[in-house]
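Please look over the sequence and the model shown here before reading on.

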Amino acid sequence: MTFFFTTLLCLELTVGLRNAVLAGAYSKPRLSAQPSPVLAPGGNVTLQCVSKQQYDRFVLIKEGPQKLSWIMDSQYNQSSGQFEALFSLGFLTPNQLWTFRCYGNYRNKPQVWSEPSEPLELLFSGIYHNKPSLTALPSPVVTSGGNMTLKCVSWEGYDKFILTKEGQKFLSSMNSQYIHHIMQYQAFFSIDHVTPHHTGTFRCYGYYKNTPHLWSVPSDPLEIHVSASETQDQTVENLIRMGMAGLILIVLGILMCEAWNSQRRSHNASGAYSEEADAQL
């Protein structure tokens, strides 16, 4: 039933595309893949088209020689305060490129579309079973502001390695180099001026230039921890010292005021007693 419904939507949109479509009239939506744009063999994926603008519908287009199209009504997401549509694509095969864009439009102007979202390319991991290894040089614990190098190594002659960080888009890819004395292929990923933002889980994959959308199995996860710099530690310590000194001064000031007020009250009381004694005499 789902397949039949989706087919009808595709046919509806394909017929509509025979007429002229004006794209770029409205602000572009954002397209993402849930749970990830990197698919394991046999994995399913859902594409989420999102916009702050209140579009009635979202249109999903698969680009390339074999074009496909979907259209769905938008739904308001109260938690995000945005309008969205979820396109469940189910199982996709890695035998072709899967690049998508989405658009927003209104029912009363079906031929007028928004600007396209940024392209989203789906990738397939686990195609090659020689797993690379990922290590941090000099250590997976790095001081904030310092430099760090991540090394990806494999016995397999991959053309390139790509580094990813959990929860983020791909960081970078590098050409592999063959190292004769260890008879392995490797790439170095340099990260300068490390910040706490770099804390997290990293992995690397290998792939070939002629099939950049087909990746190896991932390396084992590498946890990177960023510690505060010595300067930051000293700054915090100085702030603590200054705070303690200020607190001590405030306490001393309160004690001195209390002592002065107590002395003044005693002086006034003794003066009053003397005056009363003189009056009696």
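What follows is a walk through selected features of this structure.

The model is predicted, so local features need pLDDT of at least 70 and side-chain atom pairs count only at pLDDT 80 or more, while totals for chains, interfaces and linings use all residues. Residues are numbered from 1 along each chain as its sequence is written, and side-chain values use heavy atoms, with hydrogens and water left out.

The largest pocket has a volume of about 730 Å³. A pocket here is an open set of points on a 1 Å grid over the protein atoms alone, where a 1.4 Å probe fits, with protein on both sides within 12 Å along at least five of seven lines; lining residues have an atom within 4 Å of a point. Grid points are joined across faces, edges and corners, and the volume is the space filled by probe spheres set on the points. The lining of the largest pocket comprises 32 residues, and Ser 36, Pro 37, Gln 168, Lys 169 and Phe 170 lie nearest its centre. Two or more lining residues come from each of β1 (30-34), β10 (120-128), β14 (160-165), β18 (200-208) and β19 (211-216). Strands are DSSP runs (E, at least two residues) numbered from the N terminus.

The structure holds 15 aromatic pairs, defined by rings of Phe, Tyr and Trp (its six-membered ring) with centres within 6.5 Å; planes under 30 degrees apart count as stacked, over 60 as edge-to-face and the rest as tilted. The pair of Tyr 128 and Tyr 158 is tilted because the ring centres are 6.1 Å apart and the planes stand at 50°. Tyr 158 is buried, at 0% relative accessibility (buried means under 20% relative accessible area, exposed over 50%, partly exposed in between, with a 1.4 Å probe and protein chains only).

Tyr 178 and Tyr 185 make another tilted pair, 4.9 Å centre to centre with 50° between the planes. Tyr 178 is partly exposed at 35%, and Tyr 185 is partly exposed at 26%. Tyr 26, Tyr 55, Phe 58 and Tyr 106 form one aromatic cluster.

Val 142 belongs to strand β12 (residues 141-143) and is buried, with a relative accessible area of 9%. Its C-alpha atom is 7.7 Å from that of Ile 224, 82 residues apart along the chain.

Technical notes. Helix = DSSP H or I, 4+ residues; strand = E, 2+ residues; numbered from the N terminus.
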